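Reader: Could you take me through a close look at one part of this model, starting from a single residue, and then show me how the rest of the chain is laid out around that starting point?

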Amino acid sequence: MEALDYHAEERRKAEFDVEEMKIAWAGSRQAYEISDRVSRLVASDPVFRKDNRTMLSRKELFNDTLKKAAHAWKRVIELRLSEEEAGKLRFFVDQPAFSDLHWGMFIPAIKGSGTEEQKAKWLPMAYKMQIIGCYAQTELGHGSNVQGLETTATFDPHTDEFVLHSPTLTSSKWWPGGLGKVATHAVAYARLITNGQDHGVHGFIVQLRSLDDHLPLPGITVGDIGMKFGSGAYNSMDNGLLRFDHVRIPRDQMLMGVSQVTREGKYMQSDVPRQLVYGTMVYVRQKIVADASSALSRAVCIATRYSAVRRQFGSQNGGPETQVIDYKTQQSRLFPLLASAYAFRFVGEWLKWLYTDVTQRLHANDFSTLPEVHACTAGLKSITTSATADAIEECRKLCGGHGYLSSSGLPELFAVYIPACTYEGDNTVLLLQVGRFLMKTVFQLGSGKKPVGTIAYMGRAEHLLQCHCEVQRAEDWLKPHIIVEAFEARSARMAVACSKNINKFPKQEDGFAELSADLAEAAVAHCQLIVVSKFIEKLQQDIPGKGVKRQLEILCSVYALSLLHKHLGDFVASGCITPEQGALANEQLRLLYSQVRPNAIALVDAFNYTDHYLGSILGRYDGNVYPKLYEEAWKDPLNETVVPDGYHEYIRPILKQHIRVARL
């Protein structure tokens, strides 16, 4: 019997080639084929089952994670998967594990900061997983302020060793994933001390556990930091705590790609430029932006499909009720999130190019773009992760009461995603870094130093401070140059206004402190401009497939105009647009929602997610939601017995008035 597809009618409405959109989303035909093949491989393997995850105890969940990670590694070896395919396999297994940090942080840290000799020694073992590593930087007392770390690494010239020590409780390493129970080694960050002089924070490769019996080595106290937010979710990860009690390591286990300590204990900068470490940072942040588009698209896929299934009110003469997706209030909340998923996808794609570009420049000793690249990646990490965390919660609300069920997939997705707002740089701290960069750019405008890259528009600040938006009709807002100029003018005017206000303070630092909220807002404006302009640049490329480019143009306009609507105060208050032009933008936005509506289901189908990866009954491909929700309810352990276990002990005495009351 052929399975029913409750979304069949919706899929027939699509005005574009969905298969070609899948390729546009994936980035290339090859990327699509790898992703499609690996996701189906994972979905068809019973070891990777995850529908019972939220009901497992912490120990059961962790054991399940170890089993999946070991099975994933076994499949990588058996199928001889490439590095890209192996990364996709871990992605689709969709369970945070120690291996994420081993491949995503430990190995890149050695590649980015180690010498050629260190790479030759440690990377082959790491690639074969003969050692398992983590990245031990954050401490109990310091996270964002890396320069405030307290762990020390003191050089002992008598033995040619570093002595790692945790001098205070707050110097305990706290949070590194994989550290709690699994990692055998860490790249640990500590204050380098030679001859009584503190040289700041450096990385050291430290063995934590025996490779024979996995017990902690002498002087090392290590364990898990405990349960985290949500059920299932990030609790599959053994985030750890670590203390060193005068632990000795050989001198050559300091990562010496950028700076070195000689046998005599002399601290030296190497010939390799210090800026090379920026390459690793760009790589990690680019990956975080890509992960944001994945998590957001997943939530949007669930909410869009369920909005098409769910009907409420509006029945005419006993006919069917109205699909929730047809209500304008639902569209105005959902479609900007759909557009954001595509926008973040394309800016993530561009960041991959930027990583390649900056790496080539660094190796050619060209550091000219570094400050801009640092600010750009910091800002994009901040705005994409914050927007995604908020969007997942909004998608849960868009699914009504059923969105609160674990089986909707949204509560766990939210719980597992939100740490992204904090790790690799707290989002507000990152925005303030971008704000400072903007101020520096504005202060240098008269010096003849030309702004480059994503900040190049500041070179036209004089024009942007005076220009008037030329919108006269709603459809004028569909012109890319009008959108870009409005966003450039808003960003430039907010940045210049901040700089003028900072200059009013006798001490510049006092101005930065007092106006930090304004700086963060100016940083958001700058970063939103980057996302909008990169989406527009994407549309200037050749994008094959019937109707594909047209749909992306509509989504680009939805993304830009929904931001304009949300931040209308900024645009109007800074004089970029008039209130009337703001009203016209809103009018155009409503028209765009009507154009998205018939294509909504097809646009989320283009993400090409299997039901296994989505992990949501509400987001099922076939839309068969209600029977499956009913089925799922009976799988809960509470329903294993008709009469609850505590009935005779607690419920019956209440009902029969048999409660023994103490006489006071």
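Author: Gladly! Arg-80 is exposed, because its relative accessibility is 75% and the cut-off for that word is over 50%. Please keep in mind as we go that the model is predicted. Arg-80 sits in the loop that links helix H4 (58–78) with helix H5 (83–93). The backbone deserves a look too: although Arg-80 is not a glycine, its phi is positive, at about 50 degrees.

Trp-175 is not a glycine, yet it has a positive phi of about 110 degrees. Its setting is the loop between strand E4 (173–174) and strand E5 (185–194). With 43% relative accessibility, Trp-175 counts as partly exposed.

Glu-631 belongs to helix H22 (residues 625–633) and is partly exposed, with a relative accessible area of 41%. Between Glu-631 and His-612 there are 19 residues of sequence, and their C-alpha atoms are 17 Å apart. Leu-655 is part of helix H23 (residues 647–655), and its 58% relative accessibility makes it exposed. Together with Tyr-650 and Ile-651, Leu-655 forms a nonpolar surface patch of about 320 Å².

The largest nonpolar core has 145 residues, and the members that touch the most others are Tyr-342, Leu-380, Trp-477 and Leu-552. Helix H9 (residues 328–363) is the biggest contributor to this core, giving 16 residues. Leaving aside residues up to four places away in sequence, Tyr-342 touches Met-21, Trp-25, Phe-535, Leu-552, Leu-555, Leu-603, Ala-606 and Phe-607. There is also a second, separate core of 24 residues, with Phe-155, Ala-183, Ala-190 and Ile-220 among them.

Finally, step back to the domains. Domain 1 covers 107–271, while domain 2 is made of 279–451 + 461–605. Taken over C-alpha atoms, the centres of domain 1 and domain 2 are 36 Å apart. Where the two meet, nine residues of domain 1 are in contact with 11 residues of domain 2.

Methods:
Residues are numbered from 1 along each chain as its sequence is written. This is a predicted model: local features need pLDDT of at least 70, side-chain atom pairs count only at pLDDT 80 or more; totals for chains, interfaces and linings use all residues. Side-chain values use heavy atoms; hydrogens and water are left out. Patches are made of residues with over 30% relative accessible area and no salt bridge: like charges are joined within 9 Å, nonpolar side chains (Val, Leu, Ile, Met, Phe, Trp, Tyr) within 5 Å. Accessible areas come from the Shrake-Rupley method with a 1.4 Å probe; for residues, only the protein chains shown count as cover. A salt bridge is a side-chain nitrogen of Lys or Arg within 4 Å of a carboxyl oxygen of Asp or Glu. Helices (H or I, at least four residues) and strands (E, at least two) are DSSP runs, numbered from the N terminus. Buried means under 20% relative accessible area, exposed over 50%, partly exposed in between (1.4 Å probe, protein chains only). A nonpolar core is a set of buried Ala, Val, Leu, Ile, Met, Phe, Trp, Tyr and Cys residues joined through side-chain atoms within 4.5 Å. Contact means heavy atoms within 4.5 Å. Domain bounds come from an automatic or database domain assignment.
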